[in-house]
Amino acid sequence: SAQAEAIRKLRTQLSMRWFGTHKALAIVSAREREGASAVAANLAIAFAQVGEKTLLIDANFRTPRQHQLFGLGADTGLSTVLADRVSFEDALSPIDMFDNLSVLTTGPIPPNPQELLERASFSYLMEAAPERYDVVIIDTAPLLEYADAQTVVARSGGCLLAMRRHATRVADVQQARSLLAPASATLVGTVLCN
């Protein structure tokens, strides 16, 4: 389909421009329902399909979607790993349809998402995951609605900004870009979703 081919083109561009020297990339949006979760899931699948050992982390504690998109349980995940209730390996969900893809869902929604992401355990996870995987894609909460995304972007080093056609406002994109500057992360590019 045209959408699948667009994701393949995006994968190729990211391989040339980012993943040659980096391994982690956060997918962000300015606001809810702008396509970041779908882009993250589809990119993770696309990288796994070409043999890259890929990890998709759902760090969007506000409106998690990856467990729904992949039909996974939400009993364990990022929140239980960061709270030291389960090991990183035990929280992973390998995706049977794609040999090289594992998903770390959010797990139970914590009452304090921002504080959980500020823990040293999240920094450690963001250092350890790229040592085990070729590609690490992180789904995040919207930049303009929650502070969580800035923390995730800062730990990943780079981000891709998802926008929805005829919905995302230019002013929101400009404000989102200004919020990324203090994170000292590279804005690798933008993707326009239908």
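**Reading the features one by one**

Modeller: Gladly, and let us start with a cysteine: Cys159 counts as buried, at 1% relative accessibility. Please keep in mind that this is a predicted model.

Biologist: How many disulfides does the structure hold?

Modeller: The structure holds 0 disulfides. The reason lies in distance: the closest cysteine sulfur to that of Cys159 is in Cys193, 14 Å away, which is too far for a bond. A disulfide would need the two sulfur atoms within 2.5 Å.

Biologist: Is Cys193 buried or exposed?

Modeller: Cys193 is buried, with a relative accessible area of 11%. Looking from its side, the closest cysteine sulfur is that of Cys159, again 14 Å off.

Biologist: Thanks. Now for charges: what is the general idea behind a salt bridge?

Modeller: Side chains of opposite charge can pair when their charged atoms come close. In this structure, a search of the whole model finds 6 salt bridges.

Biologist: Which residue meets Arg8 in a salt bridge?

Modeller: That is Glu5, with an N to O distance of 3.1 Å between the side chains. Both residues belong to helix α1, which spans residues 2-17, and being 3 residues apart there they are separated by about one helical turn. Arg8 is partly exposed, at 35% relative accessible area, and Glu5 is partly exposed as well, at 37%.

Biologist: Where do the partners lie in the pair of Asp172 and Arg31?

Modeller: First the contact itself: the side chains of Asp172 and Arg31 meet in a salt bridge of 3.1 Å, N to O. This pair links distant parts of the chain, as Asp172 is in helix α9 (residues 170-180) and Arg31 is in the loop between β1 (24-29) and α2 (36-49), 141 residues apart. Asp172 counts as buried, at 4% relative accessibility, whereas Arg31 counts as partly exposed, at 30%.

Biologist: And what about Asp148 and Arg62?

Modeller: Their side chains form a salt bridge too, at 2.9 Å from N to O. Asp148 lies in helix α8 (residues 148-156) and Arg62 in the loop between β2 (54-58) and α3 (66-69), so this pair ties together parts that are 86 residues apart in sequence. Asp148 counts as buried, with 0% relative accessibility, while Arg62 counts as partly exposed, with 30%.

Biologist: Which residues do salt bridges with shared partners join into one network?

Modeller: Arg31, Arg169 and Asp172 are joined in that way.

Biologist: Let us turn to the backbone. How should I read a phi angle?

Modeller: Most residues other than glycine have a negative phi.

Biologist: Where is Asp84 found, and is Asp84 buried or exposed?

Modeller: Asp84 sits in the loop between α4 (78-82) and α5 (88-91). Its relative accessible area is 65%, and Asp84 is exposed.

Biologist: What phi does His166 have?

Modeller: His166 has a positive phi of about 65°, although it is not a glycine. The place of His166 is in the loop between β6 (158-164) and α9. With a relative accessible area of 80%, His166 is exposed.

Methods:
Residues are numbered from 1 along each chain as its sequence is written. This is a predicted model: local features need pLDDT of at least 70, side-chain atom pairs count only at pLDDT 80 or more; totals for chains, interfaces and linings use all residues. Side-chain values use heavy atoms; hydrogens and water are left out. A salt bridge is a side-chain nitrogen of Lys or Arg within 4 Å of a carboxyl oxygen of Asp or Glu. Helices (H or I, at least four residues) and strands (E, at least two) are DSSP runs, numbered from the N terminus. Buried means under 20% relative accessible area, exposed over 50%, partly exposed in between (1.4 Å probe, protein chains only).
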